[in-house]
Amino acid sequence: MLHSATYIFYRHTFFTSPTTNHQHSTMKIVQLAITAVHALRSALDGQHSNAPGAEAISMPSGRPTPTGSSSPPPPTRKPTTSNASPPTKRKREYNPNRLDILDFTPHLGGDEPHTVLPDHVVHQRVDMVANYTNGLRTFACYNGDESIRYAHSIGLYTVAGAWIDTRAEKAEKEMDCITSLAKEGVVNLASIGSEALTWGGLTAEQIAAYIELFRTEAPDVPVTTAVKYEAMTDEWNQKIIVPAVDLLYINFYSYWSGFHIDQALLVNQYEFEEMKKIADGKDVWISETGWPSEGTCWNGMAEPSEVNQERFLREVMNWTRSEGIVLSWFDAFEQPWKNGNEYCSVASHWGMFKSNGDIKPGPARVFEHFND
């Protein structure tokens with residue numbers, strides 16, 4: 001198990017004001033609103049399940065023993081071996097004025113998405129963001145392994161991702177890749193799956209099996225899976241996922257819940273406390289949170305804008321620093337090839353950096369503020 005996950009980050013102590021009655025009342029209102037949003041989501045999910053073609057994207061069920069899934073638990077495989085030597089790691093102190101971890105894909109606007117970029121290009125892209133973060137997280141191993149190696153070599157904390165879903169052969173290659181990378185000594189935390197419960201079509205049992213497979217091959221490397229907050233409110237998912245991981249790695253998106261920017265931080269704080277209650281004493285880290293800087297429409301009361309992205313980044317950094325919470329911010333670079341993939345065309349606008357690699361003015365002001 002993880003030997004006190006928070007040993008990674010040194011933190012200054014901050015003082016916070018006592019909670020006022022007004023704050024208590026506001027939190028209660030937010031709690032009721034969150035409950036209503038989740039009830040609406042459940043109702044809509046029920047409607048969507050009857051729509052034509054819905055069976056192709058519905059999550060496998062079959063509790064307590066999963067049945068009918070197109071992807072069985074991963075088979076036992078021979079342990080992978082790696083002869084690669086880890087890069088020489090340069091010492092780097094934790095800087096409280098930077099992000100803890102930045103969710104990272106090295107591709108810029110002119111690159112073909114999902115491809116493997118040359119090593120020297122990956123190094124350049126990591127260097128672009130390195131002064132704004134203490135750590136780097138990748139989502140897939142096949143095109144993220146060199147990002148992890150290089151990030152480790154310059155002293156960044158590394159969260160290496162393996163992309164798993166119902167494509168068993170692809171998932172096996174990802175598992176081979178991440179276990180080999182872990183054996184090189186360049187992985188601080190392995191994240192097996194990103195929202196695989198929600199979009200990957202896997203059950204909690206299947207994800208836990210992949211995690212256990214990784215642990216048997218790389219027992220000294222802490223391991224988790226990135227899960228949406230909504231998925232972890234499910235008691236069955238809690239029962240399977242919590243014992244399987246070394247820490248809870250949770251995505252919190254008040255934007256996608258449709259909350260106004262004035263309530264966005266309170267929603268994150270409330271949901272974070274809810275996850276602490278079910279964590280069985282394990283650390284809870286934020287695997288993703290963020291706000292889009294642009295979009296074609298509002299999501300409920302949530303407006304995508306540069307002003308709101310800047311505000312949310314500043315508020316989340318203030319909160320997590322003061323509470324000693326490990327934050328992974330989504331995302332590094334804007335990804336124009338995603339345009340239209342999400343409601344209101346916000347998919348390409350979560351980045352802290354533009355698609356040409358320049359930092360956006362809002363995030364730049366946030367870091368200027370923290371470094372004053």
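How accessible is Glu274: buried, exposed or partly exposed? I looked it up, and Glu274 counts as partly exposed at 22% relative accessibility (buried means under 20% relative accessible area, exposed over 50%, partly exposed in between, with a 1.4 Å probe and protein chains only).

**Ground rules.** I am working with a predicted model, where local features need pLDDT of at least 70, side-chain atom pairs count only at pLDDT 80 or more, and totals for chains, interfaces and linings use all residues. Residues are numbered from 1 along each chain as its sequence is written, and side-chain values use heavy atoms, leaving out hydrogens and water.

**Helix 7.** I found Glu274 paired with Lys277 in a salt bridge, 2.8 Å from N to O (a side-chain nitrogen of Lys or Arg within 4 Å of a carboxyl oxygen of Asp or Glu). Both sit in helix 7 (residues 261-278), three residues apart, about one turn of the helix. Lys277 is exposed, at 64%.

Next I checked Arg137 and Glu288, whose closest N and O atoms are 3.5 Å apart in a salt bridge. Arg137 belongs to strand 2 (residues 135-137) and Glu288 to strand 7 (residues 284-288), so the pair ties together parts 151 residues apart in sequence. Both Arg137 and Glu288 are buried.

**A network.** I then turned to Glu184, which bridges to Arg149 at 2.8 Å. Glu184 is buried, with a relative accessible area of 4%. Salt bridges link Asp145, Glu146, Arg149 and Glu184 in a network.

**Totals.** I noted 17 salt bridges in the structure, and buried residues make up 55% of the chain's 372.

Terms used
Helices (H or I, at least four residues) and strands (E, at least two) are DSSP runs, numbered from the N terminus.
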